[in-house]
Amino acid sequence: GMLLKNVDNLTANLATIMAESTSPFVQEKFPAPPEGEGSQQALKRQLKDTTCHKFRQQMASLMTELRDCRPHYMRCIRPNAFKQPDVFNMDLVLTQLKYFG
């Protein structure tokens with residue numbers, strides 16, 4: 001599937017350009033490699049990150065955030081299909097309650 005086809009490596013130039021972006025979102029997704037000792041090793045590690053690997057990491061992060069959430073829903077029941085005040089259609093309300101759970 002999609003994960004097997006997208007195993008292309010990020011080039012050093014692309015990784016550097018994305019890390020230097022002015023967009024905070026892009027900077028977060030493509031952090032700059034650390035400077036100084038071992039920066040070559042960090043760059044090699046970054047180049048080994050394939051599109052597939054990054055996609056999996058981002059999906060795992062998203063799933064973790066979603067599992068930690070406690071969503072709350074507020075359902076609005078429409079009393080009539082015409083959006084008019086003081087008109088109450090009992091069949092419409094019961095249908096909504098039945099399908100909303």
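Thanks for coming, everyone. Some housekeeping first. The model is predicted, so to speak plainly: local features need pLDDT of at least 70, side-chain atom pairs count only at pLDDT 80 or more, and totals for chains, interfaces and linings use all residues. Residues are numbered from 1 along each chain as its sequence is written, and side-chain values use heavy atoms, with hydrogens and water left out.

Let's start with the whole chain. Of the 101 residues, 15% count as buried, where buried is under 20% relative accessible area, exposed is over 50%, and partly exposed is in between, using a 1.4 Å probe and protein chains only. The chain exposes about 8900 Å², and carbon and sulfur atoms supply 59% of that; the areas come from the Shrake-Rupley method with a 1.4 Å probe, and for residues only the protein chains shown count as cover.

Now please find Asn80, in the loop between helix H5 (51–68) and helix H6 (90–100). Is Asn80 buried or exposed? Buried, with a relative accessible area of 3%. A polar atom of the Asn80 side chain lies 2.6 Å from the backbone nitrogen of Lys83. That is a polar contact, meaning N or O atoms within 3.5 Å; within protein, one must be able to donate a hydrogen and the other to accept it, and residues adjacent in sequence count only if both atoms are side-chain atoms. Leaving aside residues up to four places away in sequence, Asn80 touches Val87, Asn89 and Leu92, with contact meaning heavy atoms within 4.5 Å.

Asn89 brings us to H6. Asn89 caps the N-terminal end of that helix, with a side-chain oxygen 3.1 Å from the backbone nitrogen of Asp91. Within H6 sits Thr95, partly exposed at a relative accessible area of 40%. The C-alpha atoms of Thr95 and Ile77 are 9.9 Å apart, although 18 residues separate them along the chain. After H6 comes Gly101, with a positive phi near 95 degrees.

One last stop: which ring does the charged end of Arg75 sit over? The ring of Phe100, 5.2 Å from its centre. The rule there is NZ of Lys or CZ of Arg within 6 Å of the ring centre and within 35 degrees of the ring normal. Happy to take comments!

Methods. Helices (H or I, at least four residues) and strands (E, at least two) are DSSP runs, numbered from the N terminus.
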